[in-house]
Amino acid sequence: MKAQGPLKGVKVVEFVGLGPAPFCAMMLSDMGADVVRIDRPDALGLGAADVLGRGRRSVALDLKSEAELEIALRLIASADILLEGYRPGVMERLGLGPDVALARNPALVYGRMTGWGQFGPLAHAAGHDLNYIALTGALGSIGDTDKPAIPLNLVGDFGGGAMYLGFGVLAAMHHARATGEGQVVDAAIVDGAASLMASQHQLAALGLWSRDRGTNLLDGAAHFYTVYECADGGFISVGPLEPEFYALLCEKTGFDGGKRPADWSGKGWPEAKAELAALFKSQSRDHWCNLLEGSDACFAPVLDFEESATHPHMVERGVYVELDGVRQAAPAPRFSRTPGAIQGQAPTPGADREAVLADWLDD
């Protein structure tokens, strides 16, 4: 298919990696960018299962070869954006660091994705998502009073990493197109995850957030913003923070909201939570869905990803699509004039080399 989306015409070189950088490249591709992935010559493809690799073309290069390195530099010279997710210093040792790349292409946006960042005492240490969010206070704020809960790798790799990398390179590209000046974007997961904690810092400054995990309004302590188990072992979520929504929840369920108000101070939360837990466990998840879903009681069932794909709301919006038999999320967000689209499944490493070189490089 022909590329479509608001980034049609934007050219991105991605150096193959794991986690947040490929996810960022996927998002850019979904929005219409022409993303070329630099793979290793011996790389093995994952086929249709490579959801994070969708929508790219692939060029396999041996970057230890001077001739192949020159091809990489020529691709960089034709690109708007470069993405790499290696430890600090790796691209420099390959001869592809920012100074070399920007000398070839002064308007290039050079996006660097790491956990700890390009500098600092931990910059060269190994780590993963869990370690990065642990350092920011995000992990320590999620979970109950017993111990932190691991939020998959959503808060670090993808929320604090890929999203900030994408935001950064597009902001820098806007500047480059206005001025002709490229620059380096240092996207660190510790920076992004800390940024995601902005609302907690605000609440703490207002005296409305405690450092004690599992005691706050939005961390599951409040009886009106938490998850409850049902009679069939399923779970539901309720979150009526506003008085009128809480009143509706109480009206529909028969819970005594006058005796147990939605007091933001924390007064009476444990007792109210125990009473609501008993109430919700008296009926199945389907019962509560029939009673509450679609109302202003701020309710939703807790679904697994298979159930999510068949929920009527998700189906009508087309939140999920299938590509060669593999279910995955459709491109997001949505645009009224320039809708994005999956530009194709992940390629076989190196399979598009000749076509890409013919398209991108001047003979």
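The following conversation walks through a predicted protein model, from its overall make-up to selected residues.

User: What kind of model is this, and how are residues numbered?
Analyst: This is a predicted model, in which local features need pLDDT of at least 70, side-chain atom pairs count only at pLDDT 80 or more, and totals for chains, interfaces and linings use all residues. Residues are numbered from 1 along each chain as its sequence is written, and side-chain values use heavy atoms, with hydrogens and water left out.

User: How many helices and strands are there?
Analyst: The protein has 14 helices and 11 strands. Helices (H or I, at least four residues) and strands (E, at least two) are DSSP runs, numbered from the N terminus. The C-alpha trace spans about 80 × 45 × 40 Å along its principal axes.

User: What share of the residues is buried?
Analyst: Of the 363 residues, 44% count as buried. Buried means under 20% relative accessible area, exposed means over 50%, and partly exposed lies in between (1.4 Å probe, protein chains only).

User: And the accessible surface, what does it come to?
Analyst: It comes to about 18,600 Å², and 56% of that belongs to carbon and sulfur atoms. Accessible areas come from the Shrake-Rupley method with a 1.4 Å probe; for residues, only the protein chains shown count as cover.

User: Moving inside, which residues have the most contacts in the largest nonpolar core?
Analyst: They are Val12, Leu28, Ile81, Leu83, Val109 and Val169, in a core of 31 residues. A nonpolar core is a set of buried Ala, Val, Leu, Ile, Met, Phe, Trp, Tyr and Cys residues joined through side-chain atoms within 4.5 Å.

User: Which elements supply this core?
Analyst: At least two core residues come from each of helix 1 (20-30), strand 4, strand 5 (109-114), helix 6, strand 6 (183-188) and helix 7 (189-196). A second, separate core has 26 residues, including Leu63 and Val356.

User: What does valine 12 touch?
Analyst: Leaving out residues up to four places away in sequence, valine 12 touches Leu28, Ala33, Asp34, Val35, Val36, Ile81, Leu83 and Trp360. Contact means heavy atoms within 4.5 Å.

User: Why is helix 1 described as largely enclosed?
Analyst: Helix 1 is largely enclosed by the rest of the structure because 11 of its 11 residues are buried. Among them are Phe23, Met26 and Leu28. Just after helix 1, glycine 32 takes a positive phi of about 105°.

User: Which residues of helix 5 are buried?
Analyst: In helix 5 (residues 129-136), Asp129, Tyr132, Ile133 and Thr136 are buried. Seen down the helix axis, the buried residues fall within an arc of 90°, so they line one face of helix 5. The arc is that of the directions from the helix axis to the C-beta atoms. These buried residues pack against helix 6 and helix 7.

User: New topic: how many salt bridges does a search of the whole structure find?
Analyst: The search finds 16. A salt bridge is a side-chain nitrogen of Lys or Arg within 4 Å of a carboxyl oxygen of Asp or Glu.

User: Where do arginine 37 and aspartate 50 lie?
Analyst: Arginine 37 is in strand 2 (residues 34-39), and aspartate 50 is in the loop between strand 2 and strand 3 (56-60), 13 residues apart. The two form a salt bridge, with their closest N and O atoms 3.6 Å apart. Both residues are buried.

User: What about glutamate 68 and arginine 353, how many residues apart are they?
Analyst: They are 285 residues apart, with glutamate 68 in helix 2 (residues 66-77) and arginine 353 in helix 14 (residues 353-360). Their side chains meet in a salt bridge (2.9 Å, N to O). Glutamate 68 counts as buried, at 15% relative accessibility.

User: Is arginine 177 buried or exposed?
Analyst: Arginine 177 counts as exposed, at 55% relative accessibility. Arginine 177 forms a salt bridge with aspartate 80, the closest N and O atoms being 3.8 Å apart.

User: Last one: where is arginine 285, and what does arginine 285 touch?
Analyst: Arginine 285 lies in helix 11 (residues 285-292) and is buried, with a relative accessible area of 14%. Its contacts, not counting residues up to four places away in sequence, include Phe235, Val302 and Glu307. Valine 302 is found in strand 9 (residues 299-302) and is partly exposed, with a relative accessible area of 36%.
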